[in-house]
Amino acid sequence: MGTLSREWAISMAFSLVLLLVFGLGLVWLNIERVDLAYELNKMQRQIDEIESLSAKLEVERNTLITPGRLREVAREYGLGPARPGQIRRVAASGEIEASPLVAAAEDGKAKGGAKGPSETRPAGAKASAKSAGAPKAPSKAPAEAKAPEAAPTN
């Protein structure tokens, strides 16, 4: 009977050690689960903050790019609508071409007998732009000669 009780004691000790290991494993898993839950909540708060910031920035962007606001900022910097001759296009070959609007304006002036932009140059100006095939870049106009501004429409 002594062997039976000895085997029983070894079996009981092994069962207790196994139970202790499983118990500690469950406690460790529970601690990890709680840590992950805290980390998940922290990340969710960060996502919410970033989404909130993104929404605020989108509203601010939409406010800043309204046509009325852009006109106001353009006036502050002395900008206005492009006048004929101010818009140039660069072809893939590198040639500078006048925009279709400028070409149409020059054709209209030629038909009406008015002088083109290259013919209205001051007497001392060089004709290098004309010889290169590109129209002369306009000089800066005084502030009084600005084109009239359109009324803001929102």
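**Group meeting: a walk through the model**

Hi everyone, let's start with one side chain: Arg69 has a relative accessible area of 30%, so we call it partly exposed. Please keep in mind that we are looking at a predicted model.

So who does Arg69 pair with? Its partner is Glu72, and the two side chains form a salt bridge, at 3.6 Å from N to O. Both residues sit in helix 2, which covers residues 67–76. They are three residues apart there, about one turn of the helix. Glu72 is also partly exposed, because its relative accessibility is 40%.

Now let's step back to the whole chain. Along the sequence, the order of elements is α-α-β-β-α-α, which gives us four helices and two strands. How much of the chain is buried? Of the 154 residues, 5% are buried.

One more stop, on the surface. Trp8, Met12, Leu16 and Leu19 make a nonpolar patch of about 460 Å². Let's pick out Leu16, which belongs to helix 1, residues 2–64. Is Leu16 buried or exposed? Its relative accessibility is 53%, and the cut-off for exposed is over 50%, so Leu16 counts as exposed.

Methods:
Residues numbered from 1 in each chain as written. Predicted model: local features only at pLDDT ≥ 70, side-chain atom pairs only at ≥ 80, totals over all residues. Heavy atoms only, no water. Patch = residues over 30% accessible without salt bridge, like charges linked within 9 Å, V, L, I, M, F, W, Y side chains within 5 Å. Areas by Shrake-Rupley, 256 points an atom, 1.4 Å probe, with all protein chains shown as cover. Salt bridge = Lys/Arg side-chain N within 4 Å of Asp/Glu carboxyl O. Buried < 20%, exposed > 50% of the residue type's maximum accessible area, 1.4 Å probe, protein only.
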